Amino acid sequence: MSLARFIVLFQRACALLFLAGSALFAAAPAAATTRPNIIFILTDDQGYGDLSAHGNPILKTPHLDALRAQSVRFNDFHVSPTCAPTRSALYTGRHEFKNGITHTILERERLTLDATTLAQVLKKAGYATGIFGKWHLGDEPAYQPPARGYDETYIHGGGGLGQSYPGSCGDVPGNTYFNPTLLHNGTFKKTEGFCTDLFFAQATRWIESRKDSGQPFFVTLTPNAPHSPYTARPADAALYRDKVGDGPDAAAVANFYGMLHNIDENVGLLLAQLEAWGLSRNTLVIFMNDNGTAAGAKIFNAGMRAQKGTPWLGGTRAISFWRWPEHFAPADVEALTAHIDFFPTLAEIAGAKLDERTRAQVEGRSLLPLLQNPKTPWDDRTLFTHVGRWPKFSDPGLAKFKNCSVREPRWHLVSIEGGSAPAWQLFDLSTDRGELRNIAAQHPEVVQRLARRYDAWWDSVKPQLVNENAVGPRLNPFAELYWKQFGGGPTPAQLHTMDPHRKMEEGRAKKS
Ligand SMILES: [Ca+2]
C-alpha cells in the first residue's frame, strides 16, 4: 500500500470513529462512553452560607472555593431539614417519609429494607463501593452499609460519635471526635487522630487500593463534622476565636468554623492526591451539605430565613457542586433541583439499568441534561418538605401541618404552627428570597392549588411510615458489638439511656 493510500484510509477511519463517537455521545451522553469514578462528599450541618465563595465574611474555604469554581453549581438545590432524612432521599431517589424515616432517632431513622439503595445499584453496575464516616440509616445489622450495597465500610454508629438513644440508634460508648473507635468491615478499630482526618485518610487509602484495578469506584465520604458537639482540633478553632465576637456562643462558632477549615484542608489534600494519581479528569467529585447550617447561622446565612430543622429555605437549601473535568464545563444552574435527583443522576452516569421496581421507587429526575447544558429546559416541579419529629407513638396526622412546606420554582407555601389543620403562609421567591412577606391573603388561588397538592402528597406517604411503632432492641447494636469485642457491659445509666421504652420529650431529642 502506498503511503498516500494509507493516509486516505487512515483519515476515513478517523472520520468514522469520530462519527461513531458522536452518535454514542448523542444517544447516551456520558454513560456509554465513560464510566467515571465517583467521590461523593457530604458534610454534616454545614450550611449553604458556610463557604467563603458564598459570601461568608469570616470563614475561609480556599479549597472548596476552588472546587466550586471548577464545578457545575446547582444554586437552588434542596435537601431535607435534618441528617437521616436527607441521606435516605439521596440514596433512594425519594422523599424520606416514603423510606419510613420521620426522625433522626428512635428507629425512625431506619431506611426501610424494601428500598433499593444507590450503592446497590452502582455495585450491580460494576462499581466498587465504600463508605467512610456517617451512615445514620439504621444501626442493626440488616440496616448497615454491608447489607445495603457497600463493599468497604469505615463508620461510626448512630447520628454522631458517642451518641446513644433508646433502642438501636447509638455509637460506641464514650467515643469523642478524637481517637474514636470505628467500625471497619465488621470489626472495631481503635484509632488515633481527629475524626474528619481519619475518614478522609481511610477513603484515600481505599482509593489507592482500587485505582489500578480497572474497576470504577464509588466513594461515599460523610464526615460527622461540623455537627455538634463543637469540637475542632485546637489549632483550627484558634484560627477563628478572635473573629466571632465574645458572645455566649463564640466558642461554639469558633469550633464550628475550625471543623470546616479542617474539612476544607482535607478536601484540598484529597483533590491533590487524585491529581497526583492522574485520576482527576475521569473522577466525578460531588460536594454537598446535608441540611441548613447549625452554629453558622449566628454569623452568616446567605440571606436566608432560619436554619437546620426548619422547612424555610435556610433549612433546606444546600451546596451542590459537581466536578467532572472530562465531561462537565463549570457553570451555574438555577433550576429547582433536589436530593431526590442524586440517585437517578448517578444511575444514568454509571450506565446502570434500573429494574421496574426501582424505577417506580425514584421520584427525582436525572440532572445529567443540566450538567451537560445548564440552559436545558427544566419543567416546573413541586417539592415537599416536612421536618417530622412528632412524638413517638403519636398520630402523625396531628402533625400533618407542623413545620412543612410546598415549593414550586416561584412559590413557597409554609406551615409552621399548624397541626391537624394548616396555618399556611405564602412567599413569592422571585421577589422575596428572604421569606419576609407573607402574601397568602393576596394569592388565595395559589395557596389552594399548592395546599391541594400537599394533601395528595400526605395521603401518598401515610402508608409508608413503617417505623412509627417500631420498638428497638434493649442495647444499641454498636455498643453490644463493642462489648463483645473488647469486654465490659452496660452500666445501669447506659441501660436506662438505651431503654427502648424510655419516653423522650421531642424537644430534648437532639436534632442531627
Ligand atoms: Ca446534619
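Which residue in E14 is the bridge partner of Ser415? I opened my notebook with that one, and I kept in mind that this is a predicted model.

**Entry 1: the bridge.** I looked up Ser415 and found that its bridge partner in E14 is Trp424. I then checked the two strands around this pair. Strand E13 covers residues 411-415 and is joined to E14 by five bridges. I noted that E13 and E14 run antiparallel.

**Entry 2: the whole sheet.** Next I stepped back to see where these strands belong. I found an open sheet of four strands, in the order E11-E12-E13-E14, with antiparallel pairing. Which strands sit at the edges? They are E11 (383-386) and E14 (424-428), and each of them pairs on one side only. I also wrote down the twist, which averages 15° from one strand to the next.

**Entry 3: a helix on the sheet.** I looked for what packs on the sheet and found helix H13, residues 444-461. H13 touches E11, E12 (404-407), E13 and E14. The direction of H13 makes about 65° with that of E13.

**Entry 4: two helices.** I turned to helix H3 (residues 62-69) and helix H8 (residues 250-276). Their axes come within 7 Å and cross at roughly 55°.

**Entry 5: who meets whom.** From H3, I listed Pro62, His63, Leu64 and Leu67. In H8 they meet Asp264, Glu265, Val267, Gly268 and Leu271. Sorted by class, this contact has five nonpolar, two polar and two charged residues.

Notes: Residues are numbered from 1 along each chain as its sequence is written. This is a predicted model: local features need pLDDT of at least 70, side-chain atom pairs count only at pLDDT 80 or more; totals for chains, interfaces and linings use all residues. Two strands pair if DSSP finds at least two bridges between them. Axes are lines fitted to C-alpha atoms, for helices over the stretch in contact, and angles run from 0 to 180 degrees between N-to-C directions. Two residues are in contact if their C-beta atoms, placed from the backbone, lie within 7 Å. Ala, Val, Leu, Ile, Met, Phe, Trp, Tyr, Cys and Pro count as nonpolar, Asp, Glu, Lys and Arg as charged, and the others, Gly among them, as polar.
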